[in-house]
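Hello! Here are some notes to read with the model open beside you. Take the points one by one and look up each residue as you go.

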Amino acid sequence: MNFLAHCALAADASETWNVDAHYRRGLLAGAIIADFCKGRVNTQWPRPLQGGIRLHRRIDAVSNQHAAIRNSCQLYPKELRRYAPIFVDILADYHLSHRWQDYYAEPIHSFALQCYSAVASYRNYLPEHGHKFAAYMQDSDLLSRYHDWTTIESAIRSSLRRLRRIDLADAALSSSQVIVTQSADDFALYYEEFQGRLVAWRHLLNAA
């Protein structure tokens, strides 16, 4: 899952778990901040933020084993398959953005503003590079733009640049353009299953 999907599932969790607005903000913030903190969750941090980080990590752990996600990964040629889970995560935001109204009544732009505000309220828990990304995310309204293929291209290139495999960019982009259509049904399967699993994950709010 990429940023938009993680945030949307965090919002779903806030409703499923029937938490207040304070916890909802923490869950939304944790959906993004989780990508910038490694190791054990700091138990001195605010409990809503801890819950958001744990939820993000649980989704990642489950997604790595999900049959539908593995199926989408197998659509990539062998030379790209090592990095295919990253590409499929990014494509998830493309699919969700295009199907947003199938899942949510709230306009995506309004939801994105809530996410930026939530991250800003917990900005002191971000490392320096996280501050830079949070500013970029808000200034560019990134969460509202995953329907645009150029945003997907940029995300794939950025991921490969961080991995020092930018040499694979052209192949990854051309393959993803084909696979995005083929992976649409897989997305519907795993996204809706993750929504259904949220009921069983409420304990993540109180995990030590």
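1. Let us begin with the aromatic rings. The count comes to 15 aromatic pairs, where rings of Phe, Tyr and Trp (its six-membered ring) pair if their centres lie within 6.5 Å. Planes under 30 degrees apart count as stacked, over 60 as edge-to-face and the rest as tilted. One of these pairs is Tyr103 with Phe187, which is edge-to-face, at 6.4 Å centre to centre and 90 degrees between the planes. Tyr103 belongs to helix H6 (residues 100-103) and Phe187 to helix H11 (residues 184-197), so the pair ties together parts that are 84 residues apart in sequence. Helices here are DSSP runs (H or I, at least four residues), numbered from the N terminus. Both Tyr103 and Phe187 are buried; buried means under 20% relative accessible area, exposed over 50%, and partly exposed in between, with a 1.4 Å probe and protein chains only.

2. A word on where these values come from. This is a predicted model, in which local features need pLDDT of at least 70, side-chain atom pairs count only at pLDDT 80 or more, and totals for chains, interfaces and linings use all residues. Residues are numbered from 1 along each chain as its sequence is written, and side-chain values use heavy atoms, with hydrogens and water left out.

3. Stay with helix H11 for another pair. The ring centres of Tyr190 and Phe194 are 6.1 Å apart and the planes stand at 45 degrees, so this pair is tilted. Tyr190 and Phe194 are 4 residues apart in helix H11, a separation of about one helical turn. Tyr190 and Phe194 are buried. One aromatic cluster takes in Trp100, Tyr103, Tyr104, Phe111, Phe187, Tyr190, Tyr191 and Phe194.

4. Which residues have the most contacts inside the largest nonpolar core? They are Met1, Trp17, Leu55, Leu96, Leu143, Tyr190 and Tyr191, in a core of 80 residues. Helix H1 (residues 3-16) brings the largest share of this core, 9 residues. A nonpolar core is a set of buried Ala, Val, Leu, Ile, Met, Phe, Trp, Tyr and Cys residues joined through side-chain atoms within 4.5 Å. Among the residues that Leu55 touches are Leu9, Trp17 and Trp201, not counting residues up to four places away in sequence; contact means heavy atoms within 4.5 Å.

5. Now visit helix H5 (84-98). Leu91 is found in helix H5 and is buried, with a relative accessible area of 1%. Beyond four places in sequence, Leu91 touches Tyr76, Trp149, Ile152, Ile179, Val180 and Ser183. Ser97 also lies in helix H5, and at 11% relative accessibility Ser97 counts as buried. Leaving aside neighbours within four places in sequence, Ser97 is in contact with Leu4, Ile108, Tyr146 and His147.

6. Buried or exposed: which is Asn18? Asn18 is exposed, with a relative accessible area of 67%, and sits in the loop between H1 and helix H2 (21-33). Asp141, in the loop between H8 and H9, is buried, with a relative accessible area of 17%.

Methods:
Helix = DSSP H or I, 4+ residues; strand = E, 2+ residues; numbered from the N terminus.
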